[in-house]
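The sequence and structure are shown first.

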Amino acid sequence: MTGGCPSDGEFVFGKKWTCPVCEKEFKNPTVKSSKARMIGSDMDLRPVYEKINPLKYEVVLCPHCGYSALERYFSTVTQVQKQLIQSNICMAYKPREEKETFSYEDGFMRYKMALINTMAKQAYDSEKAYVCLKTAWMLRAWRESLDDEPEKQQKLAAQEEEFLKNAKEGFTQANIKEDYPLCGMDETTIDYLLAALSSHFGEYETAMKLVSGIIANREAGPRIKDRARDLKEEIVRQSKD
Ligand SMILES: [Zn+2]
């Protein structure tokens with residue numbers, strides 16, 4: 001075993017999976033839940049962890065056929081999707097060396113594979129958007145982990161923007177076309193997320209409308225309301241600049 005991120009070794013274990021596409025078994029490195037300690041989150045809900053970043057490990061990739069997806073989606077493929085993946089992914093897939101831990105670069109490659117798979121299997125907009133969002137979050141963590149590598153950091157920032165933009169567009173579409181919950185998130189959480197992403201891209205009017213809706217919503221929980229109030233302050237501050 002080479003590469004990966006050796007310091008993650010004590011935090012991960014090989015979780016057993018059976019691939020729903022090729023039906024072979026494999027082990028996918030997974031963070032032990034007791035080991036991932038969340039110490040905060042960003043405005044757009046990116047969780048920030050101590051010591052290990054579980055975002056690198058959230059894509060499950062079958063090393064035999066290349067089928068990959070976020071953990072919550074991996075085992076559910078329809079018969080039609082299975083055929084689409086077989087002809088669009090598996091036929092061209094060259095098995096790679098399996099690693100026990102992942103560097104950010106490995107993680108990024110896996111997210112790209114997951115995204116290609118969502119397109120191949122014609123997944124819902126929400127699933128594509130969720131992969132893009134998590135990719136952006138992971139790229140941000142990667143950038144923050146670097147010291148004094150301005151060129152690389154700039155490149156990662158540009159890639160993060162691209163994925164955030166696709167996430168915003170995907171969730172906007174999903175919000176119109178799909179039923180809630182989306183990717184395990186309720187409507188208030190998606191509204192909040194869209195507000196945060198809109199604000200990030202300078203679309204303050206859209207962002208303001210969404211946060212005001214959350215604050216006024218009697219059914220919204222206190223935590224998301226608090227976040228919406230913080231975001232509202234941030235939008236006011238940014239739109240003045
Ligand atoms: Zn497989």
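Helices (H or I, at least four residues) and strands (E, at least two) are DSSP runs, numbered from the N terminus. The model is predicted: local features need pLDDT of at least 70, side-chain atom pairs count only at pLDDT 80 or more, and totals for chains, interfaces and linings use all residues. Residues are numbered from 1 along each chain as its sequence is written.

Val236 is placed in helix α8. Burial is judged by the number of other C-beta atoms within 10 Å of a residue's own: buried at 20 or more, exposed at 12 or fewer, and partly exposed in between, with C-beta atoms placed from the backbone. Val236 is exposed because 11 other C-beta atoms lie within 10 Å. From Val236 to Gln81 the C-alpha separation is 45 Å, across 155 residues of sequence.

Arg37 belongs to strand β3 (residues 37–41). Arg37 has 9 C-beta neighbours inside 10 Å and therefore counts as exposed. Two residues are in contact if their C-beta atoms, placed from the backbone, lie within 7 Å. Leaving aside residues up to four places away in sequence, Arg37 touches Tyr49 and Glu50. Arg223 lies 186 residues from Arg37 along the chain, and their C-alpha atoms are separated by 19 Å.

## Helix α3 and the residue after it

Helix α3 (residues 104–120) comprises 17 residues. The expected span of a helix is 1.5 Å times one less than its number of residues. From first to last C-alpha, α3 reaches 24 Å, close to the expected 24 Å. Its buried residues are Asp106, Gly107, Arg110, Tyr111, Ala114, Leu115, Asn117 and Thr118. These buried residues pack against β5 (59–61), β6 (68–70), α2 (79–88) and α4.

Gln122 counts as exposed because it has 12 C-beta neighbours inside 10 Å.

## Packing of α4 with α5

Axes are lines fitted to C-alpha atoms, for helices over the stretch in contact, and angles run from 0 to 180 degrees between N-to-C directions. The axes of α4 (residues 125–145) and α5 (residues 150–177) come within 7 Å and cross at roughly 155°. The pair is therefore roughly antiparallel; angles under 35 degrees count as roughly parallel, over 145 as roughly antiparallel, 65 to 115 as roughly perpendicular and the rest as oblique.

The crossing of α4 and α5 is left-handed, a term for a near helix turned anticlockwise from the far one by less than a right angle, whereas clockwise is right-handed. The residues of this contact divide into 13 nonpolar, seven polar and six charged. Here Ala, Val, Leu, Ile, Met, Phe, Trp, Tyr, Cys and Pro count as nonpolar, Asp, Glu, Lys and Arg as charged, and the others, Gly among them, as polar.

The axes of α5 and α6 are 10 Å apart, and the helices pack at an angle of about 140°. That angle makes α5 oblique to α6. This crossing, too, is left-handed. On the α5 side, Leu164, Ala167, Lys168, Phe171, Thr172 and Asn175 take part, and they meet Ile190, Leu193, Leu194, Leu197, Ser198 and His200 of α6. The contact residues comprise seven nonpolar, four polar and one charged.

The loop between α5 and α6 contains Pro181, and the peptide bond from Tyr180 to Pro181 is cis, with omega near -5°. Cys183 is found in the loop between α5 and α6 as well. Phi of Cys183 is positive, near 50°, in a residue other than glycine. Cys183 is buried because 21 other C-beta atoms lie within 10 Å.

For the 14 residues of α6 (residues 187–200), the span should be 20 Å at 1.5 Å a residue, and the end C-alpha atoms are 20 Å apart, which agrees. Helix α6 is mostly covered, with 12 of its 14 residues buried; among them are Ile190, Asp191, Tyr192 and Leu193. The cover over these buried residues includes α5, α7 (204–216) and α8 (222–240). Gly202 follows α6 and has a positive phi, near 80°.
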